[in-house]
Amino acid sequence: VKVARKALREKIAKVPLPEWTAGSQNSSAQSTAYLVPNLWHAYLKADLDGNGRIEAKDFEKLLGEIGIHGMTHHDCECLFDFVDADHSGGLDWSEFSGLFVTSASKV
């Protein structure tokens, strides 16, 4: 999980942010405001059956679609299990977005 989270943080750090975030005292909040709608779009796209959850089988594909490549299948499974806080076998919006927003704010 540590390797997967490190790879995720490195990928997030490379995501270009709009110019208005540079030098702003509120850049963390503005960066989050920029990131969340893009994550929401990816989340909705990956929720193929419309049940409001991302299934384990779709998680690896979703990571690739949002630009996170180079993780092994095992790393993706470990990351999914870590993020699936309620162990339901699916990620709700809170679990999914929390991974990225929390990681982005620590970068």
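1. H87 counts as exposed in this predicted model because its relative accessibility is 66%. The terms are used as follows: buried is under 20% relative accessible area, exposed is over 50%, and partly exposed lies in between (1.4 Å probe, protein chains only). H87 sits in the loop between helix 4 and strand 2. Its phi is near 55°, a positive value in a residue other than glycine.

2. Conventions. The model is predicted, and local features need pLDDT of at least 70, side-chain atom pairs count only at pLDDT 80 or more, while totals for chains, interfaces and linings use all residues. Residues are numbered from 1 along each chain as its sequence is written, and side-chain values use heavy atoms, with hydrogens and water left out.

3. Overall layout. The chain has 5 helices and 2 strands, in the order α-α-β-α-α-β-α from the N terminus. Helices (H or I, at least four residues) and strands (E, at least two) are DSSP runs, numbered from the N terminus. Of the 107 residues in the chain, 32% are buried. The accessible surface comes to about 6500 Å², with 56% of it belonging to carbon and sulfur atoms; areas come from the Shrake-Rupley method with a 1.4 Å probe, and for residues only the protein chains shown count as cover. Among contacts (heavy atoms within 4.5 Å) with a separation of 6 or more, 58% are between residues 24 or more positions apart.

4. Confidence. The mean pLDDT of the chain is 74, and 61% of its residues reach 70 or more; pLDDT is the predictor's confidence in each residue, from 0 to 100. The pLDDT is below 50 over residues 17-27, a stretch with 10 contacts in the model beyond near neighbours in sequence. Residues 103-107 are also below 50, and that stretch has 12 contacts beyond near neighbours in sequence. Where pLDDT is low, the predicted coordinates should not be read in detail.

5. Salt bridges around R53. The structure holds 3 salt bridges, each being a side-chain nitrogen of Lys or Arg within 4 Å of a carboxyl oxygen of Asp or Glu. One of them joins R53 and D86, at 3.6 Å from N to O. R53 lies in the loop between helix 2 and strand 1 and D86 in the loop between helix 4 (73-83) and strand 2, so this pair ties together parts 33 residues apart in sequence. D86 counts as partly exposed because its relative accessibility is 44%. R53 also forms a salt bridge with E95, with the closest N and O atoms 4.0 Å apart. This second pair links the loop that carries R53 to helix 5 (residues 93-106), where E95 is found, 42 residues apart. E95 counts as buried, at 10% relative accessibility.

6. K57 and D58. These two form a salt bridge with their closest N and O atoms 3.5 Å apart. K57 counts as exposed, at 66% relative accessibility, whereas D58 counts as buried, at 13%.

7. D47. D47 is placed in the loop between helix 2 (27-46) and strand 1 (54-55). A polar atom of the D47 side chain lies 3.2 Å from the backbone nitrogen of N51. Leaving aside neighbours within four places in sequence, D47 is in contact with G52, R53 and I54.

8. S97 is found in helix 5 and is buried, with a relative accessible area of 10%. A polar atom of the S97 side chain lies 2.8 Å from the backbone oxygen of W93. L79, in helix 4, is buried with a relative accessible area of 0%. L79 and L99 are 20 residues apart in sequence, and their C-alpha atoms are 9.5 Å apart in space.

How values were computed
Polar contact = N/O pair within 3.5 Å; in protein donor to acceptor, adjacent residues only side chain to side chain.
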